[in-house]
Structure formats: C-alpha cells, structure tokens
Amino acid sequence: MKNTFNHTPLQSSAELEFAYKVRRALDEQVSSLPASTTDRLAAARKLAIARKKPETALYATAPERRLAGVAGSARGGNPFNDSLSWMVRVGIIIPLIVLVVGAFGIYKYEEARRIDELADLDAAVLSDELPLNAYLDHGFDTYLNKHGE
Amino acid sequence: MATDKELSEFLESVERRAFKQAIYAVRNEESALDIVQDAMIKLSEKYGDKPKEEIPLLFQRILQNTILDFFRREKVRNTWVSLFSNMVTRTDGNDDFDILENFESEEGSQASESSADKVEREQMLTILDAEIQKLPARQREAFLMRYWEDMDVAETASAMGCSEGSVKTHCSRATSALAKSLKALGIQL
C-alpha cells in the first residue's frame, strides 16, 4: 500500500480534488474522536497484540517408525539406520508373503483331499453289488434289521 | 514477519479510520467498536506472522468480513425477534433511527469550547458523515478504501472481492453522489 494519494489517468482531477477534500475532512473528524472511544480502541489494540500469533519455526516433520524389538532404530539420518529400516521392512513383508502362500496351499490341499474322499465314496457306492434303490426300500430295511438281529 | 511494535503501530495508525468505516456501515458505536476489536484480534491471531507489507490489505479484508458477519448475525437475530414479536404484544420500538439526530446529540457533548467557525465546521463534518453514511454500502467501501485508506484500485478490488472496473465505477458514483448531495445542502468543503 502506498502512502501517497493515488491517481489514475482516467479519473478526473475534479473528482480527485473533491475526494481529497473529503479525506481531509474525515481525517479532521477522526482526530477529534471522544476519549472514551479512543481508549476502547487502544484497549482493543493491546488485547490484539497480546494474542499475536507467535513466530512459527519451519520444522520438517518425519514419521517415526517403531516396531517391537527395534524401537527407535528406524530413524532416518544415517546410512546404517536407513539400511536397517529397509531390512525391517523386508523382515515384515517376507513372513507375510510366506503366511499368505502357506494359507492358500493348505486350503488347496484340504480341498483336493475332500474331493478325493467324496470320489472314493461315490466309487464305492456305485461299484457295490447292491443297487442304490435298495437303500430306499423300507422292506429291504426291515429285512436287514431282522437278519442283523 | 511484522514485529509486535510494527503491528501495534499499524493498528494505531488505522484503528480510528477502521472505527469510522465500521460505524458508517453498522450505525452503532458499540457494535463498531466490537467489530474493530474483533478485526484487530483476528489479524493478530491469524496473520500476526505475515510480513508487514501484507498487513494493511489483510486488515481491510478482515474488517470488511467482520462487518459482513455482523450483518449476518443481525439478520438471524432479527428473524427470531420478528418471529417472537408476532407472538407477544407489540410495544413501541425505536426503529426509526435518525442518523442526523444521533450525530447531533453526540456533537452536543463536545461543542462547549467552540467558536462560531468551529461550530460551523463541526456541523459540516456531521453532515458529511451523514451523507457518507447514506451512500450505498459498496460505493462507500470503495470510496473509503481508495481515498481514505490510500489503497490502489487493485488492492481495493482484492479487499472487496470484485473487479477493478467495479471499484472505479463505485468510486466514481460515490464521489459524484457525495458532491451532489453536499452541493444541494449548500456545503462547501
């Protein structure tokens, strides 16, 4: 902001002259504000200064990575710590991969085993001399029970 | 960054004009003082760490926004008041606020030591005050920022949130309206 009365070529000198007179009149008016008003303004100013935002230093924030057993060892700064943090990451990722692959393998193995069992059962039923319909016949059930006794 | 001293000096240099700007807008001394205080605190709390060159423009923006906030709050308050006043019996309110009467009574308190010329000058200033207050809000803001706060067209446009062309138009219309009304009242600045 400038401390001079700004002029632009488009504005007529009469307009500026009038504005200047108004400005002078307004300045005169504010210089004679009542003491109660100026006191309150001064108090407001002091209050505002008391609440001034403090100077903020520029800090680069870096997240700290901490894990059980290696607490505080993964701070950036020197090559040793950097390589350590890399190793820590690999140390987490590899067991995770092994865990996922292992779980998938177990699931597939169990599924294959279950299919084999069902296949064996189906084969046994189908290759039996007794026809399947015999098991649905109540008379045959009675015959088996009597013979079983 | 502006130091405490620089900020204090700036606020001291601008506080009276800010108060007048607020009083032109809200027409109430207490509210105007509150607005200036709020604007000063906001500036200091939120922008106290800014370079001192940026402070004047920021302060004008904050002041204008605080005045707008005041009107928004008033609008909400008036809505509730009118809602309840319809329910209860009406009493004689003093809604018809006459700015000339108001300013004359204020003048009366400090006119004791004046000579004839001084009284005349004071009356002229009172009328000027009233005429500035009668200007449309945007024209008055542009006029005061431009010619009283020494802001250039771009700065005024930025503080008012409008184009530079609008600022020029507002200023020109305000000057013309003010000149006409003072001439009609026979006032010579």
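The axes of H2(B) and H3(B) come within 9 Å and cross at roughly 130°; here axes are lines fitted to C-alpha atoms, for helices over the stretch in contact, and angles run from 0 to 180 degrees between N-to-C directions. The two helices, H2(B) and H3(B), are therefore oblique to each other, since angles under 35 degrees count as roughly parallel, over 145 as roughly antiparallel, 65 to 115 as roughly perpendicular and the rest as oblique. On the H2(B) side the contact includes Ile35(B), Ala39(B) and Leu43(B), and on the H3(B) side it includes Phe59(B), Ile62(B) and Phe70(B). Contact is taken as C-beta atoms, placed from the backbone, lying within 7 Å. Sorted by class, this contact of H2(B) with H3(B) has ten nonpolar, two polar and two charged residues; Ala, Val, Leu, Ile, Met, Phe, Trp, Tyr, Cys and Pro count as nonpolar, Asp, Glu, Lys and Arg as charged, and the others, Gly among them, as polar.

The model is a predicted one, in which local features need pLDDT of at least 70 and side-chain atom pairs count only at pLDDT 80 or more, while totals for chains, interfaces and linings use all residues. Residues are numbered from 1 along each chain as its sequence is written, with chains lettered from A and ligands numbered from 1 in the order in which they are written.

H2(B) itself covers residues 29–47 and reaches 26 Å from first C-alpha to last, close to the 27 Å expected at 1.5 Å a residue. Among its buried residues are Leu33(B), Val36(B) and Met40(B), buried standing for 20 or more other C-beta atoms within 10 Å of a residue's own (exposed is 12 or fewer, partly exposed in between). Their cover includes H2 of chain A, along with H1 and H3 of chain B.

Turning to chain A, there are four helices and zero strands, both being DSSP runs numbered from the N terminus (helices H or I, at least four residues; strands E, at least two). Of the 149 residues in chain A, 5% are buried.

Between the chains, 32 residues of chain A are in contact with 40 residues of chain B. H1(A) gives the largest share of the chain A side, eleven residues. H2(A) meets H1(B) too, through residues including Leu41(A) and Phe19(B).

Notes. Two residues are in contact if their C-beta atoms, placed from the backbone, lie within 7 Å. The expected span of a helix is 1.5 Å times one less than its number of residues.
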